[in-house]
Amino acid sequence: MEHKKTYNAKELKTPHGRLIIEGPISPEKLASYEFHEDLVAFRPPAQQHKALVEIAGLPEGRIIVARSGHMIVGYVTYLYPDPLERWSEGKMEDLIELGAIEVIPEFRGSRVGKNLLMVSMMDDAMEDYIIITTEYYWHWDLKGTGLNVWEYRKVMEKMMNAGGLTWYATDDPEISSHPANCLMARIGKRIPPESIQQFDQLRFMNRFMY
């Protein structure tokens, strides 16, 4: 499968200043930007910056960033699912995962997350993918936001909806282990029925149990 990437960008005015939302960006361009020290959700900032540069260099990898000047203050990643997860078991070329989305505290509540998703979907090539995201409440910044699990879930769903991702049922044990966890997905307009069927099989791998 050829992974076409078309760069898109838009300006977002926020109470804390103007941001540029752009991508997919090249690894070289990503490496040339500074990475905000408050982007700590997954790894220390320097390590996470390096990891994002590597993802941007993958054939299917996509990084969309929010930046203030040359400083990255938010990002979203897309790449093939982790080989250890069930979503990779089908070896589907047209299934990618929204693996991480992060925005520094200063810009939260300014629609940065929604705009990262909206710019992601401006690339017509996204119609050639099933895009999934797995949401686990233990990864959410409940302490930092002051939200409870259900309030956070509502905010997260609204943000994902901005990119066309909606809730899908699954019997994945980790997702099913807590009612706030969920699978969300967006099925592109050019996805063939065989891929949709294969995705359905991945969602329900334990049907024999019922």
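A polar contact is taken here as a pair of N or O atoms within 3.5 Å; within protein, one must be able to donate a hydrogen and the other to accept it, and residues adjacent in sequence count only if both atoms are side-chain atoms. The model is predicted, so local features need pLDDT of at least 70 and side-chain atom pairs pLDDT 80 or more, while totals for chains, interfaces and linings use all residues. Residues are numbered from 1 along each chain as its sequence is written, and side-chain values use heavy atoms, without hydrogens or water.

At the start of α5, a side-chain oxygen of Asn148 comes to within 2.9 Å of the backbone nitrogen of Trp150. Helices (H or I, at least four residues) and strands (E, at least two) are DSSP runs, numbered from the N terminus. In α5, Val149, Tyr152, Arg153, Met156, Met159 and Met160 are buried, that is, under 20% relative accessible area with a 1.4 Å probe, protein chains only. They cover an arc of only 130 degrees around the axis (from the directions to the C-beta atoms), which puts them on the same side of α5. The buried residues pack against β6, α3, β7, α4, β8 and β9, with contact meaning heavy atoms within 4.5 Å. Gly164 follows α5 and has a positive phi, near 85 degrees.

Glu60 lies in the loop between α2 and β4. Glu60 is buried but has no salt bridge, defined as a side-chain nitrogen of Lys or Arg within 4 Å of a carboxyl oxygen of Asp or Glu. The side chain of Glu60 instead reaches the backbone nitrogen of Tyr80 at 3.1 Å.

Technical notes:
Buried < 20%, exposed > 50% of the residue type's maximum accessible area, 1.4 Å probe, protein only. Lys, Arg positive; Asp, Glu negative; His and termini not counted.
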